[in-house]
Amino acid sequence: MDKPAQKIKYGAEIINPDSPRTNNAGHSSRGNPMQFKHVTLDIDGPVAILKLDHQEVMNAVSIDMLGGLAEALDAIEDKKAEVRCLVITGAGRAFCTGANLQGRNNQKPGKSNAGAALETAFHPFLRRLRNLHCPIVTSVNGPSMARPPAPA
């Protein structure tokens, strides 16, 4: 049995994330989602919703997805005056299973250099997120594991 979509409360009004927001004149204020490589960006007023969308690998972040994420961040920075918060979520049953260090999809298996991928692609992207002009909220769907406590 499917559950109804969770309602998100912005200010004094309750919004269903699956239906477009309307203003007093009845016009939609939610833009069309922008599609990038394994990423969807939807800007809803002051909130940018970035969805990781590579469900076949449970949204593991690959070099290809990083390209899509960079393009999405460019779009967010283009609307810097409007966007006041970024929400990051995942499509399907997982938020993100980590980094896919295998390299590009067309690269031969066993030929990737994980250290170089981290230094040249993943770390610059994480620094870019850290320096983003607005706060970031993660909406984690699926299982999540907290760090185990340190031994006593």
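Modeller: Gladly! Let us begin with pairing: two strands pair if DSSP finds at least two bridges between them. Please keep in mind that this is a predicted model.

Colleague: What makes S5 and S6 a pair, then?

Modeller: S5 and S6 are joined by six bridges, and the definition asks for at least two, so they pair. The two strands run parallel. As one example of a bridge, Lys51 has Thr89 in S6 as its partner.

Colleague: Which element does the chain pass through from S5 to S6?

Modeller: The path goes through H1, giving a right-handed β-α-β crossover.

Colleague: How do you know that S6 also pairs with S7?

Modeller: By the same test: four bridges join S6 to S7, residues 136-139, and at least two are needed, so this is a pair as well. S6 and S7 are parallel too, with Val87 standing opposite Val137.

Colleague: Why is S6 called mostly covered?

Modeller: Six of its six residues are buried, and buried means under 20% relative accessible area. In a regular strand, side chains alternate between the two faces of the sheet. Here one side of S6 has Cys85, Val87 and Thr89, the other has Leu86, Ile88 and Gly90, and all of these are buried.

Colleague: How do you know that Cys85 is buried?

Modeller: Its relative accessibility is 17%, and the limit is under 20%, so Cys85 counts as buried. Cys96 comes out at 27%; that lies between 20% and 50%, so Cys96 is partly exposed.

Colleague: What makes up the largest nonpolar core?

Modeller: That core has 27 residues, and Leu41, Leu50, Leu66, Leu69 and Leu86 have the most contacts inside it. Two or more residues come from each of S4 (39-44), S5 (47-52), H1 (63-78), S6 (85-90) and H2 (114-130). H1 gives the most, with eight residues. Leu86 touches residues including Ala48, Leu50, Leu73, Ile76 and Val137.

Colleague: Why are Asp74 and Arg128 called a salt bridge?

Modeller: Side chains of opposite charge can pair when their charged atoms come close. The closest N and O atoms of Asp74 and Arg128 are 2.4 Å apart, and the cut-off is within 4 Å, so the pair qualifies. Asp74 sits in H1 and Arg128 in H2, so the bridge ties together parts that are 54 residues apart in sequence.

Colleague: How many salt bridges does the structure hold?

Modeller: Two. In the other, the side chains of Glu77 and Arg128 meet at 3.1 Å, N to O, which is again within 4 Å. This pair also links H1 to H2, across 51 residues.

Colleague: What joins Asp74, Glu77 and Arg128 into one network?

Modeller: Salt bridges that share partners do this: Arg128 pairs with Asp74 and with Glu77.

Terms used
Residues are numbered from 1 along each chain as its sequence is written. This is a predicted model: local features need pLDDT of at least 70, side-chain atom pairs count only at pLDDT 80 or more; totals for chains, interfaces and linings use all residues. Side-chain values use heavy atoms; hydrogens and water are left out. Buried means under 20% relative accessible area, exposed over 50%, partly exposed in between (1.4 Å probe, protein chains only). A nonpolar core is a set of buried Ala, Val, Leu, Ile, Met, Phe, Trp, Tyr and Cys residues joined through side-chain atoms within 4.5 Å. Contact means heavy atoms within 4.5 Å. A crossover is right-handed if, with the strands pointing away from the viewer, the path from the first strand over the helix to the second runs clockwise. Lists of a residue's contacts leave out its neighbours within four places in sequence.
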